[in-house]
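Please walk through this structure with an eye on packing and charge. Keep the model open as you read.

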Amino acid sequence: MPTLSDRLIQLKTEKKLMQKDIAKDNNISLRAYQYYERGERKPDSDIIERLADYFDVSIDYLVGRSDNPERK
């Protein structure tokens, strides 16, 4: 089952984005986003919600609880 870090890397790659742009657009530090991608830290629920909205996927998909990216 994919992890949050797996999904972040996958979505970043699919949308041809850069870490610095994702971090800036979501008002988090680049270092914090890098920690999330490496699985070294877990974002709080507010940041998870922002990232799900940013990538236009469900929270369950983002955190690896579902394989369906569609939002309900």
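The model is predicted.

Start with the nonpolar core. The largest one has 17 residues. Leu8, Tyr33, Tyr36, Leu51, Phe55 and Leu62 have the most contacts inside it. Which helices supply this core? Helix 1, helix 2, helix 3, helix 4 and helix 5 each supply at least two of its residues. Helix 4 gives the largest share, five residues. Helix 5 covers residues 59-62.

Now take helix 3, residues 30-38. Its buried residues are Ala32, Tyr33, Gln34, Tyr36 and Glu37. They pack against three helices: helix 1 (4-14), helix 2 (19-25) and helix 4 (45-55). Just after helix 3 comes Gly39, with a positive phi of about 75°.

Tyr36 is one of the buried residues of helix 3. Leave out residues up to four places away in sequence, and Tyr36 touches Ser5, Leu8, Ile28, Arg41, Lys42, Pro43 and Ile47. Leu8, like Tyr36, is among the residues with the most contacts inside the core.

Glu37 is also in helix 3. Is Glu37 buried or exposed? Its relative accessibility is 8%, under the 20% limit, so Glu37 counts as buried. Beyond its neighbours within four places in sequence, Glu37 is in contact with Ser5, Leu8, Ile9, Lys12 and Gln19. With one of these, Lys12, the contact is polar: the two side chains meet at 3.2 Å.

Turn to Lys12 itself, found in helix 1. Lys12 has 16% relative accessibility and counts as buried. So both partners of this polar contact are buried, Lys12 at 16% and Glu37 at 8%. Lys12 also touches Leu17, Met18, Gln19, Ile22, Tyr33 and Phe55, again not counting residues up to four places away in sequence. Among these, Tyr33 and Phe55 belong to the residues with the most contacts inside the core.

Phe55 leads on to the rings. How many aromatic pairs does the structure hold? It holds one. Tyr54 and Phe55 form this pair, with ring centres 5.1 Å apart and planes at 80°. An angle over 60 degrees counts as edge-to-face, so that is the geometry here. Phe55 is buried, at 2% relative accessibility. Tyr54 is partly exposed, with a relative accessible area of 27%.

Another ring meets a charge. Arg7 lies over the face of Tyr61, at 3.8 Å from the ring centre. Arg7 is buried, with a relative accessible area of 4%.

Arg7 also opens the topic of salt bridges. Side chains of opposite charge can pair when their charged atoms come close. A search of the whole structure finds seven salt bridges. In one of them, the side chains of Asp67 and Arg7 meet at 3.1 Å, N to O. Which parts does this pair tie together? Asp67 lies in the segment after helix 5 and Arg7 in helix 1, so the pair joins parts that are 60 residues apart in sequence. Asp67 is exposed, at 66% relative accessibility, whereas Arg7 is buried.

Next, look at Glu40 and Arg38. Their side chains meet in a salt bridge of 2.9 Å, N to O. Both ends are partly exposed: Glu40 has 49% relative accessibility, and Arg38 has a relative accessible area of 45%.

Asp60 sits in helix 5. Asp60 forms a salt bridge with Arg65, the closest N and O atoms being 3.8 Å apart. Asp60 is partly exposed at 34% relative accessibility, while Arg65 is exposed at 63%. Not counting residues up to four places away in sequence, Asp60 touches Arg65 and Ser66. How do Asp60 and Lys12 lie, and what are their distances in sequence and in space? They are 48 residues apart in sequence and 17 Å apart in space, C-alpha to C-alpha.

Asp53, Asp56 and Arg71 are linked in a network of salt bridges.

Notes. Residues numbered from 1 in each chain as written. Predicted model: local features only at pLDDT ≥ 70, side-chain atom pairs only at ≥ 80, totals over all residues. Heavy atoms only, no water. Phe/Tyr/Trp six-rings, centres within 6.5 Å; stacked < 30°, edge-to-face > 60°. Buried < 20%, exposed > 50% of the residue type's maximum accessible area, 1.4 Å probe, protein only. Lys NZ or Arg CZ within 6 Å of the ring centre and 35° of its normal. Helix = DSSP H or I, 4+ residues; strand = E, 2+ residues; numbered from the N terminus. Contact = heavy atoms within 4.5 Å. Core = buried A, V, L, I, M, F, W, Y, C linked by side-chain atoms within 4.5 Å. Polar contact = N/O pair within 3.5 Å; in protein donor to acceptor, adjacent residues only side chain to side chain. Salt bridge = Lys/Arg side-chain N within 4 Å of Asp/Glu carboxyl O.
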